[in-house]
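Please read the following explanation alongside the sequence and the three-dimensional view. The account moves from one region to the next.

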Amino acid sequence: MERLGKQRSAPLRLGILLRHLLPPAGFTPFPTSAQVAPVTCPTQFRYTLDNDVLTPEQRRFYEDNGYLIIKNLVADEDIERFREEFVKICRKEVKVLGITIMKDITIVKSEADENNVSKLQDFIYSEELFRYCTLPQILKYVECFTGPDIMAMHTMLINKPPDTGKKTSRHPLHQDLHYFPFRPADRVVCAWTAMQKVDRTNGCLVVLPGTHKGCLKEHKYPDWEGGVNKMYHGIHDYDESLPRVHLPMEKGDTVFFHPLIIHGSGRNRTEGFRKAISCHYASSDCYYIDVKGTTQEILEKEVGDIVRRRFNMAGSSVDLKDTSIIRCRLVKGEKKNL
Ligand SMILES: O=C(O)CCC(=O)C(=O)O
């Protein structure tokens, strides 16, 4: 079994190539206040670990609903620094290794600026943006779900554009686990921080509470008339009668959510871009799985096609796990390169 925290034992060509392109991911020490112990009563608590960070009410809420909002967790000053760095990256004033810069399908402008980028993905080699993943007040909560040995597995700065009327700014209902070739899901968590006030007018997150207790569903592209953004797979057969909860949040508020919770975000009906920054964390005891023969195989194929094109690797096979090497271990006290 290949653990996330271990050096990859048999890296395929993509891994080797990316390691040549990228510096080794350094560690970032962080203070952890939580005393985490294994769950002692699995029937009572399955999704959270014993510590003194969450109140009993917060713990119960996450167990039952699969998400938890912590108000005012990230300072305005940090958010402004992330925003400035985002602009520099979009304008190509700063180059970041390994990053993916995405556009909404309706954005036709070609100049490189912050108004033609819908998402930055995998920014761990941006020292400034990666600071988000290491903020002690975020990690304090992350540890409640992953335990103390934490990996930052996937990072995004989402810049949801104003909708052009084609409704492409929507993010279809999905489960994040669909994108991840590692388990167990219960030791994975996303931190998503609003970089401004978000509500239904600019497309806040919407969740289906309690769906983290279900299993991973089949995902495919929604058949939306106006088109769908690349990799925005959605679930077709969710129970439409399940209640949806919109999550309006203020700047700096952070929601932690389970990778199986069904969620998405609505149209941005405002003139401005709606920004959020997020990181998916996992316990370094999580292990990779082979997605062949599972519902995730369609994703592996699509990601493989993208990677082969991007790195001129026609004919090579690409495993989904090879695409998750842009990750970093956050270790207390000692340096761990991967
Ligand atoms: O920020 C959003 O609009 C949705 C983000 C999301 O659900 C995702 O990227 O998986």
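In this predicted model, two strands, β4 (150-160) and β13 (262-265), each contribute at least two residues to the shell around the ligand. Strand β4 gives the most, with three residues. The ligand is surrounded by Met156, Ile158, Lys160, His171, Asp176, His263, Ser265 and Ala276. By class, this shell consists of three nonpolar, three polar and two charged residues.

Strand β13 also belongs to an open sheet of four strands, whose order is β5-β13-β8-β11 and whose pairing is antiparallel. At the edges stand β5 (171-174) and β11 (245-247), each of which pairs on one side only. On average, and with direction ignored, neighbouring strands of this sheet are turned by 20° against each other. At one end of the order, β8 (residues 205-208) pairs with β11 in the antiparallel sense over three bridges. Within that pairing, Leu205 stands opposite Leu247 of β11.

A further set of pairings involves strand β12 (residues 254-257). Strand β12 is covered on both faces: Thr254 and Phe256 on one side, and Val255 and Phe257 on the other, are all buried. Strand β1 pairs with β12 in the antiparallel sense over four bridges, and in this pairing Leu68 has Phe256 as its bridge partner. Strand β7 likewise pairs with β12 in the antiparallel sense over four bridges; here the bridge partner of Cys190 is Phe257.

Tyr67 is found in β1 (residues 67-70). Is Tyr67 buried or exposed? Tyr67 counts as buried because 22 C-beta neighbours lie inside 10 Å, and the cut-off for burial is 20 or more. Beyond its neighbours within four places in sequence, Tyr67 is in contact with Tyr62, Val207, Val255, Phe256, Phe257 and Ile261. Among these partners, Val255, Phe256 and Phe257 are also buried residues of β12. Tyr67 and Leu208 are 141 residues apart along the chain, yet their C-alpha atoms are separated by 9.8 Å. For the protein chain as a whole, residues 24 or more positions apart account for 81% of the contacts with a separation of 6 or more.

Helix α3 (residues 76-90) packs with helix α4 (residues 127-134) at an angle of about 145°, their axes being 9 Å apart. The crossing of α3 and α4 is left-handed. At this contact, Arg81, Phe82 and Glu85 of α3 meet Glu128, Leu129 and Tyr132 of α4. The residues of the contact comprise three nonpolar, no polar and three charged ones.

Helix α5 (residues 136-146) is mostly covered, since eight of its 11 residues are buried. The buried positions in α5 are Ile138, Leu139, Tyr141, Val142, Glu143, Cys144, Phe145 and Thr146. Just after α5, Gly147 adopts a positive phi of about 90°.

Some backbone details in the loops also deserve attention. Most residues other than glycine have a negative phi, and most peptide bonds are trans. Lys167 has a positive phi, near 65°, and is not a glycine. Lys167 is placed in the loop between β4 and β5. Lys167 counts as partly exposed because it has 15 C-beta neighbours inside 10 Å, a count that falls between the limits of 12 or fewer for exposed and 20 or more for buried residues.

Asn312 is another residue that is not a glycine and has a positive phi, here about 55°. Its place is in the loop between α6 (297-310) and β16 (328-330). With 8 C-beta neighbours inside 10 Å, Asn312 is therefore classed as exposed.

Which two residues are joined by a cis peptide bond? The bond joins Arg183 and Pro184, with omega at about 5°. Pro184 lies in the loop between β6 (182-183) and β7 (188-194), and β7 is one of the strands that pair with β12.

Finally, the overall composition can be stated. The protein chain has six helices and 16 strands. Of its 338 residues, 40% count as buried.

How values were computed. Residues are numbered from 1 along each chain as its sequence is written. This is a predicted model: local features need pLDDT of at least 70, side-chain atom pairs count only at pLDDT 80 or more; totals for chains, interfaces and linings use all residues. A residue is near a molecule or strand if its C-beta atom, placed from the backbone, lies within 6 Å of it. Ala, Val, Leu, Ile, Met, Phe, Trp, Tyr, Cys and Pro count as nonpolar, Asp, Glu, Lys and Arg as charged, and the others, Gly among them, as polar. Two strands pair if DSSP finds at least two bridges between them. Axes are lines fitted to C-alpha atoms, for helices over the stretch in contact, and angles run from 0 to 180 degrees between N-to-C directions. Two residues are in contact if their C-beta atoms, placed from the backbone, lie within 7 Å. A crossing is left-handed if the near helix is turned anticlockwise from the far one by less than a right angle, and right-handed if clockwise.
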